[in-house]
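Here is a short briefing to read alongside the model. Keep the 3D view open and follow the topics in turn.

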Amino acid sequence: MHCYSKNTTARTRIIYPEALVMKISIICFGNSTDAPLKCITAEDEGIHGILIANRRGVYDVHRESYATVANMNNAFGAYGNEIAIFHYGGHAGQTSLLFNDQEANGVGIAYQLKPSIDAQNLKLVVHNGCSTAKQVEKLLELGVPAVIATNCAIDDDAAGIFGVELFKNIIQKRMTTRNAFSAALAAAQVATPAALGVGEPLHRDLHIPGDTPREPF
């Protein structure tokens with residue numbers, strides 16, 4: 001998993017350092033009837049609980065536990081330029097996120113976030129699924145300050161831990177995004193003896209072939 005900055009190359013683990021000033025935090029999750037992810041519910045509930053407990057009137061939370069193209073387009077339309085964080089957890093691939101068995105085009109999602117980017121409200125995008133690094137390019141091109149994504153398959157259990165720990169570190173502990181990312185990744189690594197995303201039977205993957213072989217996590 002990598003954290004990307006618009007001022008770095010796609011491989012650099014560099015992060016937006018300022019504290020997040022939030023208006024709307026959107027957290028959404030997608031699963032699959034063919035390959036259900038057992039940790040999605042825990043990630044959803046964990047992140048939502050952290051955001052709700054710590055908002056103190058500073059920001060609001062929009063939660064989609066069963067994201068679909070329709071309800072996500074409704075959310076993007078409703079909040080316009082007020083989105084500060086966008087987090088997705090679930091099956092994914094190099095060009096798509098899976099919204100409950102319906103592939104959602106990553107470029108389309110990036111442009112739905114553009115009003116918030118242009119208003120300088122969007123501070124962080126998290127694509128917590130397999131092999132989402134290819135989607136980073138458009139997000140950075142449009143001006144997202146920081147993006148967290150993966151460059152290969154990611155184990156479901158480790159991904160769930162990472163997502164919850166990331167928000168705990170940013171929202172509760174008020175870490176910089178760089179430090180929050182590093183600490184969350186360390187916590188996720190504890191959950192598996194193997195390198196993250198390698199050799200595990202259950203991955204957050206759409207199994208979409210890419211242009212290049214997958215690389216170490």
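A residue counts as buried under 20% relative accessible area, exposed over 50%, and partly exposed in between (1.4 Å probe, protein chains only). By that scale Gly46, at 21% relative accessibility, is partly exposed.

This is a predicted model, in which local features need pLDDT of at least 70 and side-chain atom pairs count only at pLDDT 80 or more, while totals for chains, interfaces and linings use all residues. Residues are numbered from 1 along each chain as its sequence is written, and side-chain values use heavy atoms, with hydrogens and water left out.

**The chain as a whole**

- The protein chain has 7 helices and 8 strands; these are DSSP runs numbered from the N terminus, with helices (H or I) of at least four residues and strands (E) of at least two.
- Of its 217 residues, 54% count as buried.
- The protein chain exposes about 9,300 Å², and carbon and sulfur atoms supply 52% of that area (Shrake-Rupley method, 1.4 Å probe).
- Take the contacts (heavy atoms within 4.5 Å) between residues at least 6 apart in sequence: 72% of them join residues at least 24 apart.

**Helices H1 and H6**

- Two packed helices are described by the angle between their axes and the distance between the axes.
- For H1 (residues 40-53) and H6 (residues 156-172), the axes come within 9 Å and cross at roughly 0°. Axes here are lines fitted to C-alpha atoms, for helices over the stretch in contact, and angles run from 0 to 180 degrees between N-to-C directions.
- On the H1 side, the residues in contact include Gly46, Ile47 and Ile50; their counterparts in H6 include Gly160, Gly163 and Phe167.
- The residues of this contact divide into 9 nonpolar, 4 polar and 3 charged. Nonpolar covers Ala, Val, Leu, Ile, Met, Phe, Trp, Tyr, Cys and Pro; charged covers Asp, Glu, Lys and Arg; the others, Gly among them, are polar.

**Strands and their pairing**

- Strand S4 (residues 83-90) is mostly covered, with 8 of its 8 residues buried.
- S4 pairs with S2 (residues 24-30) in the parallel sense over 7 bridges; two strands pair if DSSP finds at least two bridges between them.
- Gly89 in S4 is the bridge partner of Phe29.
- S4 also runs parallel to S7 (residues 124-128), joined by 5 bridges, and Leu124 in S7 is the bridge partner of Ile85.
- S7 in turn is joined to S8 by 2 bridges, again in parallel, with Val125 opposite Val147.
- In a regular strand the side chains alternate between the two faces of the sheet.
- Both faces of S8 (residues 146-149) are covered: Ala146 and Ile148 are buried on one side, and Val147 and Ala149 on the other.

**Positive phi in two loops**

- Most residues other than glycine have a negative phi.
- Asn100 has a positive phi, near 50°, and lies in the loop between S5 (96-99) and S6 (102-105). Asn100 is partly exposed, at 24% relative accessible area.
- Arg174 also has a positive phi, near 55°, and lies in the loop between H6 and H7 (177-190). Arg174 is exposed, at 64% relative accessible area.
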